[in-house]
Amino acid sequence: MIRQDLIELAARNMRNARLRNALTTMGIAVGVASMVAMLSLGIGLQGFANHQLMKSGMFQTVFVTSRQDIRNMEENADAKPGESPVLNDDARARIAALPGVEEVAPEIRAMADVEYGDKTNLTLVAGLPWSTRDEDAVEKVKGRFFSSANADEVLLQRDFAKKLEKDPDWVLGKILTLRYAERQSSESDANLSIERTDKQFRIVGILDEEPFGGMRMVSRARVFLPTGTAEAMRMMQPADTQQLVRSTPGERTYTMLTVRMQSAAYAEKVEESVKTMNFSAYSYLDATRSMRRFFAVLDMFLGIFGSLALAVASLAIVNTLVMAVLERRREIGIMKALGASDADVKKLFFAEAATMGLAGGALGVALGWVIGRAINLGTNVYLQRMKMSAENLWTVPLWLVAGAISFSVLVSVLAGIYPAVRAARLDPVQALRYE
Amino acid sequence: MEARGASRYYKMGESVVRAVEDVSFTIAGGEFAALLGPSGSGKSTLLNLLAGLDRLSAGSIVVAGRDLSTMDSEALARYRRLTVGMIFQSFNLVPTMTLADNVELPLRLAESPRSERRGRVLELLTNVGLAHRANHRPAELSGGEQQRGAIARALANRPSVLLADEPTGNLDSRNGHEVMALLRELNEKMGVTVLMVTHDPALAAQYARKSLHMADGRLVPGVEAQR
């Protein structure tokens with residue numbers, strides 16, 4: 001029989017036992033819905049976790065250190081610490097020239113005294129690389145980001161702004177003075193001198209959340225200035241004392257350079273290239289691998305629990321179709337007498353099973369989506385009551401929709417095997433004998 | 001159509017029932033033959049063997065030059081589809097299908113082109129005088145109409161042999177004669193070979209040109225009459 005005839009006959013048989021087939025199809029729909037609901041929760045949670053990590057900019061970032069300074073993060077590094085070169089301006093330029101690299105910036109953190117009006121506060125000041133402007137590392141800025149990489153502008157953490165004014169928003173556009181320790185050293189001079197320096201900044205924005213999702217050292221700072229500005233200020237940092245004892249004391253060196261790529265796709269190559277330069281490199285791609293494994297296992301378990309309902313539904317298919325075989329004994333006998341082969345009869349039952357699977361799958365995906373929306377809504381109402389911002393814990397990607405419907409059809413056809421074989425084996429002489 | 005030592009045995013627990021035993025006969029193409037005998041004589045079993053619905057335990061049956069005993073189930077299905085048409089005492093129309101859908105069923109099974117089917121169904125129904133009943137369900141038709149519809153269905157794929165199992169058994173005599181007249185017309189005008197099972201010698205005598213008699217699973221010799 002050609003496919004179109006099979007579909008027509010199957011559809012006709014479906015219509016003839018409308019209630020029973022509708023109930024079975026609903027059973028499948030509930031099974032698919034629970035599977036879709038579970039899996040999209042898993043996928044949604046994974047997306048949520050990924051989003052948090054993305055905010056940290058870590059996927060796009062490789063951290064470079066000299067092995068002279070820090071004991072290597074990897075156990076099996078080839079180069080011995082002594083062979084690793086110093087992270088100086090030359091190295092910085094070479095790394096910046098690597099393909100895919102957007103910005104190479106040092107991590108600058110220093111304690112400074114903040115003068116605002118008649119108040120002074122000692123706090124941690126940190127540089128934010130210029131590349132931070134177009135990522136969500138600094139989500140939710142009240143006001144604006146720095147106007148340039150070397151602007152004399154600062155962003156304040158909201159908590160800190162509260163210390164300065166009754167309404168933190170009042171600080172926007174005002175001036176503050178940073179009193180910090182400026183390093184004074186020349187190329188030839190082996191000694192390091194430090195001088196107290198004052199510098200004025202305009203407050204351009206307030207950060208509601210810690211930058212980089214609160215996941216980096218600089219996130220803890222309360223006042224942020226452009227890294228370019230911070231570099232030019234030569235703020236004294238703890239690592240500067242190491243520089244003093246080096247053979248070339250005047251040369252500018254870095255403890256750590258943060259290499260920011262255009263996209264996470266470059267991370268692996270850049271990491272590789274940096275390692276061939278004999279520096280230590282570390283990216284969070286390594287760290288997230290175990291997280292991904294965790295989510296794969298979680299998804300699998302959620303999927304298995306979700307499919308239990310589908311397994312139950314598949315028994316309903318077996319039941320419905322076995323009933324249909326018994327009920328349609330005579331009809332099957334007639335079809336065989338008219339020349340239907342065993343394969344034709346089998347195909348007809350498979351077509352009926354597949355029809356139920358398709359309809360149940362489509363209905364189930366819709367149902368699962370509705371359930372998901374409902375749970376998401378409920379969660380967000382709860383989160384808002386807890387004074388937390390709403391999150392999307394629920395994702396139904398297109399592949400899940402297609403996958404769930406195909407899986408439903410597959411399970412239904414598998415459930416149809418026994419009834420189909422039974423129908424095909426029916427002896428037409430027996431089937432036609434009784435009135 | 002030729003049978004040589006055709007036998008069909010059933011196992012019933014310990015004992016073996018010889019429903020058809022060592023039956024041999026020949027029916028020429030274009031013949032109208034009757035298979036007579038009391039109930040339980042094995043004539044329906046023999047008809048099922050000829051129809052390819054049941055399988056021989058021994059012997060051979062050759063129809064249109066092909067031996068049914070050597071065919072696999074797929075080949076037998078094709079044989080039932082294209083070479084023979086079957087008519088039953090209880091009509092065996094699918095009750096949930098309209099008459100037209102019933103007649104279309106063998107065309108679907110034979111994968112005949114969809115565009116030609118509607119016309120073919122109408123033609124078949126017109127031939128048996130039921131074109132106006134095409135969209136009725138079997139329950140809405142009289143017994144005679146149902147049987148004529150079943151004949152139209154049996155002829156859908158232009159078989160060379162028509163096998164009828166007590167075709168008038170459920171009909172009153174007027175409808176019965178109408179159906180028999182239709183079978184004779186098909187036999188004479190289209191050259192379809194007809195083999196009809198019946199327990200009514202009068203009916204056989206009236207319509208068949210040849211009759212075979214069965215008793216206890218065997219052909220009764222000598223009464224094989226040729227008129």
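This is a predicted model: local features need pLDDT of at least 70, side-chain atom pairs count only at pLDDT 80 or more; totals for chains, interfaces and linings use all residues.
Me: Which strands make up the open sheet of 4 strands in chain A, and in what order?
Reply: The order is 2-10-1-11, and the pairing is antiparallel. Strand 2 (101–106) and strand 11 (280–283) of chain A stand at the edges; each has a single partner strand, so one side of each is left without a neighbour in the sheet. From one strand to the next, the twist averages 25°.

Me: How many bridges join strand 1 to strand 10 there?
Reply: Strand 1 (residues 61–65) and strand 10 (residues 256–261) of chain A run antiparallel and are joined by 5 bridges. Within strand 10 of chain A, Arg260(A) is the residue opposite Thr61(A).

Me: Which helix packs on that sheet?
Reply: Helix 3 (residues 89–96) of chain A does, touching strand 1, strand 2 and strand 10 of chain A. The direction of helix 3 makes about 160° with that of strand 2 of chain A.

Me: Turning to helix 1 and helix 10 of chain A, at what angle do the axes cross?
Reply: The axes of helix 1 (residues 3–16) and helix 10 (residues 342–385) of chain A cross at roughly 65° and come within 9 Å. The crossing is right-handed.

Me: Which residues make the contact?
Reply: Helix 1 of chain A contributes Leu6(A), Ile7(A), Leu9(A), Ala10(A), Ala11(A), Asn13(A) and Met14(A). From helix 10 of chain A come Lys347(A), Leu348(A), Ala351(A), Glu352(A) and Thr355(A). By class, the residues of this contact are 8 nonpolar, 2 polar and 2 charged.

Me: Where does chain A touch chain B?
Reply: The contact involves 19 residues of chain A and 23 residues of chain B. On the side of chain A, the elements that give two or more residues are helix 1, helix 9 (329–337), helix 10 and helix 12 (428–433). Helix 9 of chain A gives the largest share, 4 residues.

Me: Now chain B. What domains does the assignment give?
Reply: Domain 1 covers 2–83 + 159–226, and domain 2 covers 94–157. Their C-alpha centres lie 24 Å apart. In the contact between them, 11 residues of domain 1 meet 12 residues of domain 2.

Me: Which elements of domain 1 are involved?
Reply: Helix 2 (73–82) and helix 6 (173–190) of chain B each give two or more residues to the side that touches domain 2. The largest share, 4 residues, comes from helix 6 of chain B. That side of domain 1 comprises 7 nonpolar, 2 polar and 2 charged residues.

Me: What is the strand order of the open sheet in chain B?
Reply: The 4 strands are ordered 2-1-4-5, with antiparallel pairing. At the edges stand strand 2 (15–26) and strand 5 (66–67) of chain B, each with a single partner strand, so one side of each is left without a neighbour in the sheet.

Me: Which strands does helix 1 of chain B lie across?
Reply: Helix 1 (residues 43–50) of chain B lies across strand 1, strand 2 and strand 4, at about 65° to strand 2 of chain B.

Me: Lastly, are the residues of strand 6 of chain B buried or exposed?
Reply: Val84(B) and Met86(B) point one way, Gly85(B) and Ile87(B) the other way, and all are buried. Strand 6 runs parallel to strand 7 (residues 161–165) of chain B, with 4 bridges, and Gly85(B) stands opposite Leu162(B).

Note on methods
Residues are numbered from 1 along each chain as its sequence is written. Chains are lettered from A and ligands numbered from 1 in the order in which they are written. Axes are lines fitted to C-alpha atoms, for helices over the stretch in contact, and angles run from 0 to 180 degrees between N-to-C directions. A crossing is left-handed if the near helix is turned anticlockwise from the far one by less than a right angle, and right-handed if clockwise. Two residues are in contact if their C-beta atoms, placed from the backbone, lie within 7 Å. Ala, Val, Leu, Ile, Met, Phe, Trp, Tyr, Cys and Pro count as nonpolar, Asp, Glu, Lys and Arg as charged, and the others, Gly among them, as polar. Domain bounds come from an automatic or database domain assignment. Two strands pair if DSSP finds at least two bridges between them. A residue is buried if 20 or more other C-beta atoms lie within 10 Å of its own, exposed if 12 or fewer, and partly exposed in between; C-beta atoms are placed from the backbone.
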